[in-house]
Amino acid sequence: MSKSSLPAPDHAAGLREALLAADFTADGLLDRLGAPAYAALARSETVPALRATRGDSPLDTLVRLFLLQRPVAEERARAALPLEVCVADGWLTPVGGADGEGAVRACVDVRPYGGPDGEDWFIVSDLGCAVGGAGGIGSREEGVVLGVGGASTTLAGITVRTPVASALDLGTGSGIQALHAAQHATRVTATDLNPRALEFTRLTLALSGAAPADLREGSLYEPVGAETFDLIVSNPPFVISPGARLTYRDGGMGGDDLCRTLVQQAGDHLNEGGYAQFLANWQHVEGEEWQDRLRSWVPYGCDAWIVQREVQDVTQYAELWLRDSGDHRSDPAEYGERYAAWLDEFEARGATAVGFGWITLRKSAAAAAGRPSVVVEEWPHAVQQPLGQAVRQHFARQDYLRDQDDAALLAGHFVLAAEVVQEQVGLPGAEDPEHVVLRQHRGMMRATKVDAVAAGFAGVCDGSLPAGRILDAIAQLMAEDPVLLRDRTPQAIRLLVEEGFLEPAPGGETRGE
């Protein structure tokens, strides 16, 4: 099948029924292949999965067809799915079989994908271009459409999943974000510069049993004009590269301009209270703080939470993406030229490293009134996905803190967040710990050092007493001046609330002291 010809979605419902009947699902694959073969497939190692599917069950057949992308005898394929319809619609194509027997081969990659509430979905992409695909990515074809990758699942996990009227998936690719959005948005619009990507999104939605999206071709916000949305998500082609050789990953603008433009223009397309959530790369430029660079991207009228998850120096970054496109397997001289071109590009821009992370915007009245909350931080540590609820709670805490001066904090009531534990660090046998750490076991899984006062304060926060009264009791126990303790502690309380260790008790701000 040519790159311009893709399957028709007309009979996707029948194909879906056959896939589900064979247990060709994320859970079914794990059960059939076993954990080692399943994990090996994610590394593009196919031998264990081939060994595990030597039987003739419908599930074995579907794994070999769509995941391992091997030809299968027509008789076996007919037992697993509606063969004639799949051939007519372009999901499968006939090929010569052994001993003159007829055989068929998959035309696209169809990958089971488990939804957040146990849904059985299927992501359709180009052959060999899903993470864990038979051939890996390693593609230098300009119009290739990838399947599910780590970036896709990361963005899906951090997205706020409240019911909304409208959602925009900008740069939809194979439609993963549009599929998620279809579960909680009345109307989903999906755009892409690559028209093939829109067709793959159509297939993904149809084969997953989801409502169709409004599909539009074009770059950035051009396809939606002046329309506004309650949710915007984008896993854009964020790679900072010399040129735009590969549509699926290369931004096509100089440096990190594509990500900057995407973020800066988002405010014009958000409804009040709406979220825009992106994955992005950004340059670390000599003589400039990377945090300041990102703060300058935040549009007027929006709050922002920007988290840098990883940093690579420019050589590591170039090598990563040269391997991604398979250039390391090319002629050594050609590889050297491409590598040098990447380093020339970074040198010209004064870039010494590249950061990767998440950018979340929220349009708010407070930001429009000149009181935006913009948090830019580095957090390379483990987190617990999904984080959509944690993202929403972050902005709720910022709203609370924005309206609380020190006196209001001392009058407020707080509760210790769920799954926060205290750790005491010190030499064995020592009478007192060197320091105390509060640690979260969900969400961002933060850890923070606290002094004895903050540890004691957090430990007794159950919402029953205002903060000031608790501090007075601590002052009496520790023989400290209560006035001085009240004066110096609000900053620590503010930090513990901001990072999610303490939560305002419902109605606590109205109880008074």
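Student: Which residues lie nearest the centre of the second largest pocket?
Tutor: This is a predicted model. In it, 22 residues line the second largest pocket. Nearest its centre lie Pro116, Ala156, Arg161, His180 and Pro386.

Student: How many residues of the lining are nonpolar, polar and charged? And what is the volume?
Tutor: By class, the lining of the second largest pocket holds 6 nonpolar, 12 polar and 4 charged residues. The volume of this pocket is about 440 Å³.

Student: Is Ala178 buried or exposed?
Tutor: Ala178 sits in helix 9 (residues 176-181). Its relative accessible area is 1%. The cut-off for buried is under 20%. Therefore Ala178 is buried.

Student: What separates the C-alpha atoms of Ala178 and Ala190?
Tutor: Leaving out residues up to four places away in sequence, Ala178 touches Asp169, Thr172, Val188, Ala190, Thr201 and Leu205. One of these, Ala190, is 12 residues from Ala178 along the chain. Their C-alpha atoms are separated by 6.5 Å.

Student: Which are the edge strands of the open sheet of 8 strands?
Tutor: The strand order is 8-7-6-9-10-12-11-13, with mixed pairing. An edge strand pairs on one side only, and here these are strand 8 (214-217) and strand 13 (374-378).

Student: What is the bridge partner of Val307 in strand 13?
Tutor: Strand 11 (residues 302-313) and strand 13 run parallel, joined by 5 bridges. In strand 13, Val307 has as its bridge partner Glu377.

Student: What angle does helix 11 make with strand 10?
Tutor: Helix 11 (residues 257-264) packs on the sheet. It touches strand 6 (164-170), strand 9 (229-234), strand 10 (270-285) and strand 12 (351-363). The direction of helix 11 makes an angle with that of strand 10 of about 160°.

Student: Is Glu419 buried or partly exposed?
Tutor: Glu419 is found in the loop between strand 14 (413-416) and strand 15 (420-425). Its relative accessible area is 45%. Buried needs under 20%, exposed over 50%. So Glu419 is partly exposed.

Student: What separates the C-alpha atoms of Glu419 and Arg439?
Tutor: Beyond residues up to four places away in sequence, Glu419 touches Arg439, Gln440, His441 and Arg442. Glu419 and Arg439 are 20 residues apart along the chain. Their C-alpha atoms are separated by 8.3 Å.

Terms used. Residues are numbered from 1 along each chain as its sequence is written. This is a predicted model: local features need pLDDT of at least 70, side-chain atom pairs count only at pLDDT 80 or more; totals for chains, interfaces and linings use all residues. Side-chain values use heavy atoms; hydrogens and water are left out. Helices (H or I, at least four residues) and strands (E, at least two) are DSSP runs, numbered from the N terminus. Buried means under 20% relative accessible area, exposed over 50%, partly exposed in between (1.4 Å probe, protein chains only). Contact means heavy atoms within 4.5 Å. Two strands pair if DSSP finds at least two bridges between them. Axes are lines fitted to C-alpha atoms, for helices over the stretch in contact, and angles run from 0 to 180 degrees between N-to-C directions. On a 1 Å grid over the protein atoms alone, a cavity is a set of points where a 1.4 Å probe fits but cannot get out, and a pocket is an open set with protein on both sides within 12 Å along at least five of seven lines; lining residues have an atom within 4 Å of a point. Grid points are joined across faces, edges and corners, and a volume is the space filled by probe spheres set on the points. Ala, Val, Leu, Ile, Met, Phe, Trp, Tyr, Cys and Pro count as nonpolar, Asp, Glu, Lys and Arg as charged, and the others, Gly among them, as polar.
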